[in-house]
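Here is a briefing on one protein model. Look over the sequence and structure first, then read on.

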Amino acid sequence: MTTKANATDDSFHVFDTTLRDGAQREGINLTVADKLTIARHLDDFGVGYIEGGWPGANPRDTEFFARAQQEITFRNAQLVAFGATRRAGGSAAEDPQVKALLTSGAPVVTLVAKAHDRHVELALRTTLEENLEMVRDTVSHLREQGRRVFVDCEHFFDGYRANAAYAKSVVRAAYEAGAEVVILCDTNGGMLPAQIQAVVSTVIADTGARLGIHAQDDTGCAVANTLAAVDAGATHVQCTANGYGERVGNANLFPVVAALELKYGMTVLPEGALAEMTRISHAIAEVVNLTPSTHQPYVGVSAFAHKAGLHASAIKVDPDLYQHIDPERVGNTMRMLVSDMAGRASIELKGKELGIDLGGDRALVGRVVERVKERELQGYTYEAADASFELLLRGEVEGRTRRYFRTESWRAIVEDRPDGTHANEATVKLWAKGERIVATAEGNGPVNALDRALRVALERIYPQLAKLELVDYKVRILEGRTGTESTTRVLITTGDGTGDWATVGVAENVIAASWQALEDAYTYGLLRAGIEPTD
């Protein structure tokens, strides 16, 4: 493992703990390979410190540090090993867990220390003075072994409320023993920004220590609390990618860094790294196998999405009127959503986004607006189905429906067999390039059977369809209807290996709605492939 100097100076630290604290989120279970991949992404992003886990506490983290030394050349970050102060009554030099921290090879160590008097007496079962000696001994020993040391004061804010003098004595003990930064941890996540700012200001004034902040998000204030600590003088922020962490999570790395760079005017990342933020966020979400939050600040796909017609009218004049930053600065894009709230400006901007020139034709735009509102009243939703909207828009612009095939009929059969199994079969009859085609296929459900039958019918004529794959399928029973007679909306996401697109169908039964969405999906796939329509 080699490390180049951090791209920013040492006056401010961006410290990521996704691989340790973030991995404690329910539903996340990282392999060593996952951790190595995420570490590379975080280094690419330009954080200064990556906390890799607790070597010696479990085989996975021990293996991670061993492999990281061999497999990763860090360009921006330094790898950090996490561990605890030595045991009560012992010696740091002889403590097995402290030895494991040194064996990890990490140039930086973060020690967790108790800062709440009640935790010292009940959890550690030792005296308040012995806890201070545990901090001094462990920090000084690691410093003597050539390691940089940070100290996390666990439960600091609750401890400060209970016994401020003792909480501050832990900070002093760590700092005087050689810790470069002492991090105040809101471990239970119960603090609010004004409280954080007041305590951090006081502790800096009373101890003279360099402070950092570690905020959990149990009040929904972790990002705000982190920034409040910076306002009070903290120069080290601990965060996790996408806010992953125990319970409801930690301070989210991406809005914290974006705020520091774009709102505070600080340089905390290498030049150009901020524009990679959306990509990095989504890449890490893929590794942990969690769907990226669509509404996450800065990096969510909806972060710069505009639906209201009033917003669209203003954005047409100047995008900054309804956007707090240019989305390209964080690697995101502005999106226009088309719905029954759409006005002319929404349609014009969406057409421009799709590369369709509406030529300032007010009558055309008006027709599209009315068509969208009419269709959405029936249950269609175009804000979630860009491909279906583009087909609708092109139909109005070109004066005809874009067709590559014409459906004569389709049929889906579900057979309940005596042995408890089910058979699903579909038959489609259609016309393509002047030829009548009849095709039958089986599937694991009626919609899958229809999809396969459509492929059987068309792939000989349109071999480009072989690349298409159904990525996602959603069904919703629309409100305001009655029981099994309700209108059904189906959204289908299809991919071709280079991109995905969504289509919508609405009908009184799920199979008919699915067929509509499938027709649009195949039509749009052929449009993407550059095939000219035949009808």
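What volume does the second largest pocket have? The second largest pocket has a volume of about 540 Å³. This is a predicted model: local features need pLDDT of at least 70, side-chain atom pairs count only at pLDDT 80 or more, and totals for chains, interfaces and linings use all residues. Residues are numbered from 1 along each chain as its sequence is written, and side-chain values use heavy atoms, with hydrogens and water left out.

**The second largest pocket**

- On a 1 Å grid over the protein atoms alone, a pocket is an open set of points where a 1.4 Å probe fits, with protein on both sides within 12 Å along at least five of seven lines; lining residues have an atom within 4 Å of a point.
- Grid points are joined across faces, edges and corners, and the volume is the space filled by probe spheres set on the points.
- At least two lining residues come from each of α14 (362-378), α15 (386-398), β13 (406-416) and α17 (510-528).
- Helices (H or I, at least four residues) and strands (E, at least two) are DSSP runs, numbered from the N terminus.
- α15 gives the largest share of the lining, five residues.
- By type, the lining holds seven nonpolar, six polar and nine charged residues.
- Nonpolar covers Ala, Val, Leu, Ile, Met, Phe, Trp, Tyr, Cys and Pro; charged covers Asp, Glu, Lys and Arg; the others, Gly among them, are polar.

**Overall build**

- The protein has 17 helices and 18 strands.
- Its C-alpha atoms fill a box of roughly 90 × 60 × 45 Å along the principal axes.
- Of its 535 residues, 53% count as buried.
- Buried means under 20% relative accessible area, exposed over 50%, and partly exposed in between (1.4 Å probe, protein chains only).
- Of the contacts (heavy atoms within 4.5 Å) between residues at least 6 apart in sequence, 68% join residues at least 24 apart.

**Helix α16**

- Helix α16 (residues 446-458) has 13 residues, which should span 18 Å at 1.5 Å a residue; its end C-alpha atoms are 18 Å apart, which agrees.
- The expected span is 1.5 Å times one less than the number of residues.
- Buried residues of α16 include Val447, Leu450, Asp451, Arg455 and Leu458.
- Among the elements that cover the buried residues of α16 are β13, β14 (422-432), β15 (435-443), β16 (469-477) and α17.

- Strand β17 (residues 488-495) runs antiparallel to β18, and eight bridges join them.
- Two strands pair if DSSP finds at least two bridges between them.
- Thr493 stands opposite Ala502 in β18.
- Strand β18 (residues 500-507) is mostly covered, with seven of its eight residues buried.
- Four residues lie between the strands of this hairpin, where Gly497 takes a positive phi near 95°.

**Single residues to check**

- Most residues other than glycine have a negative phi, and most peptide bonds are trans.
- His155 has a positive phi, near 55°, and is found in the loop between β7 (148-154) and α6 (156-162).
- His155 is buried, at a relative accessible area of 9%.
- Lys433 has a positive phi, near 50°, and lies in the loop between β14 and β15.
- Lys433 is exposed, at a relative accessible area of 53%.
- Gly366 lies in helix α14 and counts as buried at 16% relative accessibility.
- The C-alpha atoms of Gly366 and Asp137 are separated by 76 Å, with the two residues 229 apart along the chain.
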